[in-house]
Every structure is written in structure tokens, then in C-alpha cells.
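Please read it alongside the sequence and the coordinates.

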Amino acid sequence: MVQLYNLHPFGSQRVVPCRQEPALFCCGRDVLFVASAAASCRVEVFAVRDQGRCEPLGSFATLGPVLRMAHSHAGDYLVTIEEKSKATFLRAYMNWRCMSAGSSRVCVRMVGHKMEESYSETLKEQMSIVEMPLSDPPLCISCCPVNGDLLVGCKNKLVMFCLKYLVINQNLTVLDFERSLILHIDNLIPAEVAFCARHIAVTTELDVLILKLELVQQSADRTEQCAHRVSTLEKPVSGDEGPSTHTLPLEVDEFIVCQKPVELLGEESKLCEIPITLESTELPTEDTKCFQVRYLLFRRFTPDQSPFGFCEETKLHSVQLLPVYQTGSSVTAHEETESKRELLSLFCFFSLPHVGYLYSVGKLVELISTYQYSEKSEQAVLTPQFLHVITSENLQCFTVRCSAAAARDEDPYIDTTVKACPPVALDVCTLRMQLFIGPRAICHFKNHIILLTKADTEDITERRKPARRMLSRKADSIKSRTNSESEPGWNLYIINTVSTIQLYREMVEYSKTYENVKTESCIHLLSEAHLLVRAAIMDPSFLKSDEKEELLRAFRESCAFLGDCYSRFDTKDYHLALPYYRMSGLSMAEVLERLVSEGDEIQKYERGFIFYLTHSLNEDLKEELSKESANRVLQIFYLADPLQLPHILCSPCMRNVCPSTAVKYLQKVEKIMPSVVLTLTKAFMALKMGDLAMYEHEMDSYKEMLCSNSENTIPQLLVDFWEALLVVCSQEEILQELLLRVTSQYVWRISNKQIPETKPLKTAEDLINSCNHFGLISPWVTSIMSVGSPSDKDYCEDISKLQSLLCSQSINIASVLPVLEPLREAGNVGLTIHVLCNTRLGKYEEAIDELLKTCPDVAVLYAQHELKDDSRAVWWNKLLPELCKRTRLNGNDCPVLISSLKETLSVVAMELELRDFLSLLPEDGTAAFFLPHLLHCSQRKLVI
């Protein structure tokens, strides 16, 4: 859906002082090129100054009428398709700026022509025209804005020319091209092409195909093969869509053939049945690049239908690839030059007469926005901030979502509680529909729009309507936009768009009209204002902009306005209040001043505001609220979420709260919902007031509440408190008491399968990392638990905490043995607890017996971890004999025992002398089994 607002993105306008009627025009850097109508065969050049003032720089003749024209920012060259004697020519105009200095010298040369040293002086002072002959007439052109490479569309092929910088001497570098790659596409006649960063968009009358040329890694010996080989990278895939568009028969007089509309994205676009063959044409060198084609998007449309038949003017137009560059942080970017720009995101736009489509084709291929026009469009141009569309009577300005998509590509923290950005799916809107008489063509240049208009008494649509013909891919060559003789009534305007700040201010003012009426409209307009500023900040020119500081202030202000909306309004996206306020840079006190009316105790507070306050207070911010602000927060939570009061009062931000006021609110809540936490908070406030009597009373109440439960039922809050004390406790007597208490609670919960009533504040991992009394859990314990029963997973945190305590050296095992007794028969949990206790008591042999009996596969792992130093002899005194004994009894039926025996033999062979090791081996053992270990033991002795 497209929403309509009546804003003013267009400012003043001026008339470009052209001598002849314009046929085509394009912009480049700081200039405007205007190709005159057929009779004059000239290109006029104008310098674009402040406020859109145009000053003529000069003009130069062309070979014939200009059919297509484009300027490359990289290399600063102009490329044209010109017609003469019914033949078309591809030409590039280099060093054209010397024309403005009064030089009339021109050098015409063929592409790839070798430059001699003797030309150095003359080349500096003359314009060079590079002619690029092609085997087929050129139909359309596009220059890559990143590196200046040129793409030319011909019948059944696309030809890529690489821009080359030829160093003649230290004072002169000359531009030239090298034809590097040809994409052969059967039965395709391109109407328009767009080229950017090895991405190619090509349209026919009703089809759009977007490709990417990807580098292929190759070895040196394949370089020459790659340079000359012609290889089909994709074969047509038959599907259910019927015959391929590219194999349609020639025109038939009796009927019109139409195909189903198709949209294929990403990998699916390979199914478009358009085979592409690459032919490398550059000279093979060590730096020769090999490419392969990746299909990104294919879309096929059908002609508009009406009760009167088909609309024959249903054709695609205005295909464009728009790059957004990575220039560091979008808000705090560091200085970068144009040469260091990195592509961040890429967008593709194309349009039908009544609807336009904007796709993201960078990291993810997806449709971002659809634009429905109020009347038939003639041409459109996409910018990072707007989409400008001309119809027969209007210049329309739409908002775009490029900055929203690019921001998410740039910053992974967007869409979290840290940062936010309006969604890519936000409805686009029309900012303005400006009336003009007969708009014909449009282009965009910085903060200017160039618009060609031509008044005519005829109906423009009927006048430009071609003769009726059947739909076919075999179209004629693209014709010039205007072939009629010069007629009066034309104008070439340069329209200044208003500054970002000015339009932003207007949007903010406009949003206030919806503030108390239409919540969503207010949020929508403020989101548009935010995206407008964000797009300006992401523009590379932002770093050198005079409005830099003002734009940053506007960005923070827009975040604050959006935070206000999500705080004040009852919306499903209320949680966005938090990230927007964070991006605004406002303190909590400043947010309170914006949203809370002084002395208003019956004010309603929405979810977004409470969400923001709750998160801000619970995240240990360094900000300390004043007494007045803290009391205001207290009042807000009493009205909005009274159960949160005890938690809010514990925040460091609330250090200055009035304790008597806090107690008053806590007492009101206690009458409705008494709790242990609330009672402790009241006791804490009593201490702050110095009221010891009240403190003792609340603590007595607290003890009564605890004792009212059964003997072993301890609130999780108290367990959290004991665990917190363990982190800081240093007195041995108190330490052992605390360890006994938490151990008792863990055992009780595990044995009774009791889950804590509230989520524990710290996990086992948290305690291991923060408290020395919780040790790292031994690997053999983890191994045993990995095959535990599913029911143990419900109490895994308590189990892990108990095992961690027993793995440490702090707890007195003898004192906790009675407490651990209920877990003796508790499966794998009981096994680990019992083995840990025996280990801590030095009863290694009993531990090994128990493991060999229940989990023999863990016995060696246990020994490797526990049998060290003084206990190392247990390897050969206990583990080895036991394994030999059990293996003899079970034979080959227990591979686990055999594997454990081999590992044990390997360890013992490294520890004992050969004679001692031999004495341990069973007399009835198989020699082949023990011999490798004996050899290993003897060889170790020789090495020593």
C-alpha cells in the first residue's frame, strides 16, 4: 500500500539554457550533458553550480544522432551510441573537460590503440574519442559506478569492456578499454542494461534477468585455457512453465502468444531456461580472471489486459542498480576516500507503466517494495532517499527502503534491544505529486533532478503509441527516444530538492497532526523522517557535508521521537521504545521529563514506557536518578506494575529514592500480594531510614514466612543469597555452614524431583566462573551424565552445582556424607556423587570397583584424571589386575574391557621398569596381545 502525504521535497527550479532541443541528457560528477535533437548532432556540456545554476562549458560534435548516452563517475568519461547512415557506433569521449578550457583539438582512436611517448603533450590538451567496433549493433549501455567498466547490450549478447589506466609517463595517464568478456544469451534482445560491481540487470520488453559474475579460483596452468575457452555454464532446465520465451515462433498474424508471469529468486532463478555462455576475450596473463555466472533473479510479466484487449504498451523501463557503500559506522564514520569505498548493499529497480518494483540483490535477494502509480509512468529514477517517477502530467516523489535494508547489512545490532531501525516492509508513501506539462525524461544528480518537458496538443500517450504488432522476442533495434523534428514548447528544467534537514523538519511537524488521532500514521511519518536522515548519513559525501553535525543531531532527535511514540502509544511493537531511546542518547531522567506530567498521579503508562524503564533500571546503569526522579519512577511502577517495586528499588539507579516514600508504596502492595522479597525490601528501606525497630519487625516477619514452609522447602531467593555469600565468604566456619546448606538444598531437590519456584539467579557455569568453591566438573563425570536418564535433565542445574561442589577442594566431604545418602540409588547421578566422595576421601580402589561394575568404559578416563602423583600406583596395583581379571571372565564378549585394558597397558608400560611390568602380566595371557606393550616398555628403556 502506498500512502499519500502532501510534503515539499522539491524546491526551486531553473531552466537549462540549451541552444537546441534536447534529445537525451545525463549527469556526471558536477556537469550535465545534453545531446541535441537529430539535426544538430552535438552534445552540450553545462557545469551545475549552487542552487542549480547551469553555466555552459562548451560543446562537441558527435558522429550522428545520439541514441543512448551514459557518464562514468570512475574515469570521468562519456559513452554514447550514435547513428550514422543507418549504422550504429559505440564511442567513448575522454578528457572532454579540456573543451571548457577553450581547446578544440580532438583525437579519434580505436580501442586498444597503443599510445606512443610522442603523443604525451598533445593528449593533455585535447579530447580523445575512443571508438569500439562491435560485430553486432549496440543497443544499450551501462557504466559500473564502482570501477568504470562498461557493459554493452547487443542482440543475443552482452559485451563487457574493462576500463584501463595506461601510464604513458610520469606526467600523463591515459584511459582506454579492453574488451574482456562476452556473455552469449540466445534469443535475447536487451532493451536496457544496468551494471554495477559485476552485477548485471538486463530487461527485454517483459522479462528481467539479474546475474552476478563470480570469480573462479584457478591454477596457473589453467589461465590460458580460461582466457580463450567458450563454456556454457548453465543449461536450460525444463519445467512446467511451458516453452521458453526465447524459443517463441516469429510473429503470427492470427493470434498473440503470452506466457505465464514468473518470479524466480536466488537459486531458483536457474530455472528460467535462459542459457548463458561466457567467452573471455582479454589477452591471457597471470592476472587473467575467470568468471562464472550466478543467477540472482528472473521475472517475467504479461501484458495488461482489459475488456478491450491487450495493452500493447506494457513494457518494462528504467532498470537501475543502486549501490550503497560501506563507509565505516553509519553514525560515527571515520574519514575515508572514494577509492576506499566498499560495496555494502545493492538494489535493483525496474518498472512497468503502472507499477514499480524494488529488490535487494546483495546478500539476500528479496522484493523490498512495490510502487503503485496513480497513472501511466514514462520513466523513473531511484536514489538512496527517493524514487522519482514521471507520468504524462506529474513528477511524483516516493520514499524508498534502501537505507533500512542497508543499515541491517551494516550493523548486526539492529533489531535488538541495543539498536533499531524502521522495518524494510514499512509501507512506502508518496511525498509529492508535482504538476508539469508533458514530462518526457528524467535523471538525478546529487540534490538536483533534471526534467525534460514538451508541450503538445496531441494526447501524449496516443502520440507515442507504436503501431500494433504481435508480441515477440524478435524485436527491432532500440530506436531513439525522439526522432521528430524540433517543435516549440520544450524545456529542460533543473529542479533542486530541498535539504534533508528541511524535509525532515517538515515531516516531524506533519506527524504532529496525527499525534492524537492516528497513531500508526504518526509513527509512519516519523519512521520516514528517520530513514531520510539515516540515508543521508550513510551517503559517502556525509563525511564532508556542511550539515554533518546537524544531521547527527537530527538522527538522535528522530530516535527520541520514535521512542516517545512507542512509549506513549499502545502498539504491538512497544519494545522498540528501548533501542530508540538508547540511540537517542537521552538519559533516563530526560526521558522521564519528556513523558511524565508533573504531579499527575492518575496518568496511564503504556507498555513501551514500562519496558524501557524496567530494562534500564535492571541493567546496572551508572546513572543515578535524583530524589525527585526516583520517587517519580516509584509512583510509575506502583500504578503500572506494582509487583516490580521490590526489584526496582534494588537498582543502583534508585539509590537516592526517599525510603519513607518507598515503604509507603511497599505497604500498599503488601496488602494485595505479600512476598518474601517485598518484606526484605521493606527491611532494607528501614535500615536506610535508620529505623531499627521497623527493621527487626520486618526481619521477624521474614523468618516467620520462611518457617511457615516445610522443613526442607527453602525459597530459591534464599538459595540465591547463600550462593552469593559463597562468592565473598572467607571464614572457614561460615563457609562450611553455607556449603552444607546449599548441598542439602541441592540433594533435597534432586531426590524429591523438585524444581525451584523461581529461576535461579546464577547457573552452574556462572558459579564455576565466579566462585572458587565450585570446581570444574571432571570429564569422566560429564561422560557418565551424557548417558543419563531424560528425567535428570529437569534438574540438571542442581545436579551440576552439586557435582561442581564435590569437584572442588573446599567442601568437607566427611561432614556432607549423611546429607548425600538419599542419592545413593539415584542412577548415574548417585554413581557420580558416590565416586566423587570416594575420590575426595582417597578411596580410589573402591571408586574403580564401582566404575568397573557399572560404567567400565569410564574407568580409564577416571584414572587418567584422578590417579596422579601419590595415587599413580593404583594404575598397576588395582586397575590393571582388575581389568585382566574381568576380561578373562568375559572373553571377547566385552570389547569395552579389552579397549580399557589396552589403554591401561599403554600407561603402565610407560611408568614401570620392564621386569616390574612383566611381573604384572597374567601367566595365561595371550602373548600376541601383550607383546606390543612389552616391546614398547623395553624400547622406552633403550631410548632413556
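## Overall picture

Of the 944 residues of the chain, 50% count as buried, where buried means under 20% relative accessible area, exposed means over 50% and partly exposed lies in between, with a 1.4 Å probe and protein chains only. This is a predicted model, in which local features need pLDDT of at least 70 and side-chain atom pairs count only at pLDDT 80 or more, while totals for chains, interfaces and linings use all residues. Residues are numbered from 1 along each chain as its sequence is written, and side-chain values use heavy atoms, with hydrogens and water left out.

The chain has 28 helices and 35 strands; these are DSSP runs numbered from the N terminus, helices being H or I with at least four residues and strands being E with at least two. Of the contacts in the chain with a separation of 6 or more, 65% are between residues 24 or more positions apart, contact meaning heavy atoms within 4.5 Å.

## Helix 3 against helix 6

Helix 3 (residues 402–410) packs on helix 6 (residues 519–538) at an angle of about 55°, and their axes are 9 Å apart. Axes here are lines fitted to C-alpha atoms, for helices over the stretch in contact, and angles run from 0 to 180 degrees between N-to-C directions. That angle makes helix 3 oblique to helix 6, since angles under 35 degrees count as roughly parallel, over 145 as roughly antiparallel, 65 to 115 as roughly perpendicular and the rest as oblique.

Helix 3 passes helix 6 in a left-handed crossing, a term that applies if the near helix is turned anticlockwise from the far one by less than a right angle, with clockwise giving a right-handed crossing. From helix 3, Ser403, Ala404, Ala406, Ala407 and Glu410 meet Leu531, Arg534, Ala535 and Met538 of helix 6. By class, this contact of helix 3 with helix 6 has six nonpolar, one polar and two charged residues, with Ala, Val, Leu, Ile, Met, Phe, Trp, Tyr, Cys and Pro counted as nonpolar, Asp, Glu, Lys and Arg as charged, and the others, Gly among them, as polar.

## Helix 22 and its surroundings

Helix 22 (residues 827–840) has 14 residues and reaches 20 Å from its first C-alpha to its last, close to the 20 Å expected at 1.5 Å a residue, the expected span being 1.5 Å times one less than the number of residues. Eleven of the 14 residues of helix 22 are buried, among them Val829, Leu831, Ile833 and Leu836. The buried residues of helix 22 pack against several helices, including helix 17 (732–752), helix 20 (796–807) and helix 23 (844–854).

Helix 20 and helix 22 pack at an angle of about 15°, with their axes 10 Å apart, which makes helix 20 roughly parallel to helix 22. Their crossing is left-handed. In this contact, helix 20 contributes Ile799, Leu802, Gln803, Leu806 and Cys807, while helix 22 contributes Val829, Thr832, Ile833, Leu836, Cys837 and Arg840; the residues divide into eight nonpolar, two polar and one charged.

## Two individual residues

Leu841 lies in the loop between helix 22 and helix 23 and is partly exposed, with a relative accessible area of 36%. Leu841 touches Ile813 and Leu817, not counting residues up to four places away in sequence. Helix 22 is followed by Gly842, whose phi is positive, near 85°.

Ser584 lies in helix 8 (residues 577–584) and, at 7% relative accessibility, counts as buried. With residues up to four places away in sequence not counted, Ser584 touches Arg556, Cys559 and Ala560.
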